[in-house]
Amino acid sequence: MTVLPTRLDPAGADYAEHRAAMLGKLADLDAEHAKALAGGGPKYVERHRKRGKLLPRERIELLIDQDSPFLELSPLAAWGSDYPVGAALVTGIGVIEGVECVITANDPTVRGGASNPWTLRKALRANEIALTNRLPLVNLVESGGADLPSQKEIFIPGGALFRDLTCLSAAGIPTVAVVFGNSTAGGAYVPGMSDHTVMVKERAKVFLGGPPLVKMATGEESDDESLGGAEMHARTSGLADHFAVDEPDALRLARRVVARLDHRKPGPDPDVNAEPPKYDEDELLGIVPGDLKVPFDPREVIARIVDGSDFDEFKPLYGASLATGWARLHGYPVGILANAQGVLFNEESQKAAQFIQLANQRDIPLLFLHNTTGYMVGKDYEQGGIIKHGAMMINAVANSRVPHLSVLMGASYGAGHYGMCGRAYEPRFLFAWPSAKSAVMGPQQLAGVLSIVARQSAAAKGQPYDEDADAAIRAMVEQQIEAESLPVFLSGRLYDDGVIDPRDTRTVLGLCLSAIHNAPVEGARGYGVFRM
Ligand code: COA
């Protein structure tokens, strides 16, 4: 039998403590998510409504199939920056007429929906998801174009937005633009480069230059409607394929466009008959200790996210600090790599490299569950070839071609973050739990290393070392690194696709696996499985 047993004691003191810590973090996270939902705040939301317009999430709700889920991505984008949380753009994956699509929607209540540097990053990430998973892309457009004060950050890289649209089209991935309002200057190329366009009567404004700019450039007198109204584009320029009488009509037309794509998903849908985990998902709240120095068994997590809690472990007696094994999640086969004791040793690295190659031979997606402080340091390990072995693991991850999913449950430090398929290793999706922390190393270690280096430098110069100043600097550095390791901070910088409630992990991963199967799932070929 490969059904995982559990040692978690929901009546115990540890469980209660871990759960309380996690619920505290979730409450803080809710407060940050609320900022994204609030958009530009009550004044601008009310003004928008008075104009008879829908908010971006309302537009999405009408666009997707009734009561179907919308997997919103990166809602905390721009957190900790000078720009509003959410980056004036909503992105995610939703089902339209049975077709999984990437959907983006400008939030016109936030500085006219103008694109700041974080909006750009978020939009480019959405395009990347559409491309790698071969998902149709639907853009709900209403934007003041480039955020003019930050134009230097976005003008040059921002050209990729329009390039992406035509590249998606060339790759056979459909693109749809639904224009609800302003879409001027560079923004005009969103409908301009899309396969299908819908424009809303008396609302859409799609022109390279508005009336004042035209007056300045050529002296010509004009108005919004004749320069870029929906009716003009539908009847005269031909830029609008569909003329919508109002917003709900535009969303109805967009749904019809998607229905007519006749999109065929090459992979299977989730198995509706998949057996749920044997243990309560709610118990995922009580597993990760508030103090990440205390280890936890990731099998307790696996037992609460995979079908029937069934986990067929690979090499359980070898490299025991990394659990590897096969499972199914909503019916999809997955290979799982999960840190069990924090540190990655030589054996764990070799085991991971072998396991990743096996998954590639079998075309099975991989799921990385992070709780690692990195690769082991010290004389014995260096002499034992830890660099070589870590490199094998990183090589295997980097050259693997099956889709990867990463979830940061706890620590994700140093090269361990890379070996476990951190952001730079391009997992198809990466999510963090509120308990996660990620940095080059732990705050105390980093502050301690800086202190040793400063001490050695002072000694080399023959100068006395100021111990009081050292203590103050150490405390300051520790605080700074701690703050920069937190999931909201990292999510703000688009280093993940969102911070999720642990209880939602199975659902989120199931939605991702379903989305991933819109593209062929094929492993790397050309090498045999070799032992290391
Ligand atoms: N860059 C920076 N801020 C912008 C902006 C932009 N492109 N577009 C709008 N904003 C700001 C406004 O200054 C205003 O700020 P405030 O509330 O602090 O005064 C806020 O966003 C809302 O703009 P407002 O004009 O009141 O909203 P609106 O809904 O009536 O009109 C637009 C929205 C987008 C039609 C209008 O603001 C506009 O024409 N903007 C410039 C568009 C443009 O030419 N962009 C250049 C493209 S490259």
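1. Basis. This is a predicted model, where local features need pLDDT of at least 70, side-chain atom pairs count only at pLDDT 80 or more, and totals for chains, interfaces and linings use all residues. Residues are numbered from 1 along each chain as its sequence is written, and side-chain values use heavy atoms, with hydrogens and water left out.

2. Record annotation. UniProt, in an unreviewed entry, places "domain: CoA carboxyltransferase C-terminal" at residues 276–523. Such annotations may be inferred rather than shown by experiment; positions follow the numbering used here, and feature names are shortened. Over residues 276–523 the chain is 41% helix and 19% strand. Helices (H or I, at least four residues) and strands (E, at least two) are DSSP runs, numbered from the N terminus. The end C-alpha atoms of this stretch are 27 Å apart.

3. Sheet. Seven strands form an open sheet in the order β1-β2-β3-β4-β5-β6-β7, with mixed pairing. Its edge strands, β1 (70–73) and β7 (242–244), each pair on one side only. Two strands pair if DSSP finds at least two bridges between them. The twist averages 20° from one strand to the next. Axes here are lines fitted to C-alpha atoms, for helices over the stretch in contact; angles run from 0 to 180 degrees between N-to-C directions.

4. Strands β4 (residues 137–143) and β5 (residues 175–183) run parallel and are joined by six bridges. Leu140 has Val178 in β5 as its bridge partner.

5. Core. The largest nonpolar core has 71 residues. A nonpolar core is a set of buried Ala, Val, Leu, Ile, Met, Phe, Trp, Tyr and Cys residues joined through side-chain atoms within 4.5 Å. Those with the most contacts inside this core are Ile93, Ile336, Leu367, Leu369, Phe429 and Trp433. Helix α19 (residues 505–516) gives the largest share, six residues. Domain 1 and domain 2 both contribute residues, so the core lies between them.

6. Leu367. Not counting residues up to four places away in sequence, Leu367 touches Ile305, Leu329, Gly335, Ile336, Leu337, Leu405, Val407 and Leu509. Contact means heavy atoms within 4.5 Å.

7. His389. This residue sits in helix α14 (residues 386–399). His389 is buried, at 9% relative accessible area. Buried means under 20% (1.4 Å probe, protein chains only), exposed over 50%, partly exposed in between. Leaving aside neighbours within four places in sequence, His389 contacts Asn346, Ser349, Gln350 and Gly384.

Note on methods
Domain bounds come from an automatic or database domain assignment.
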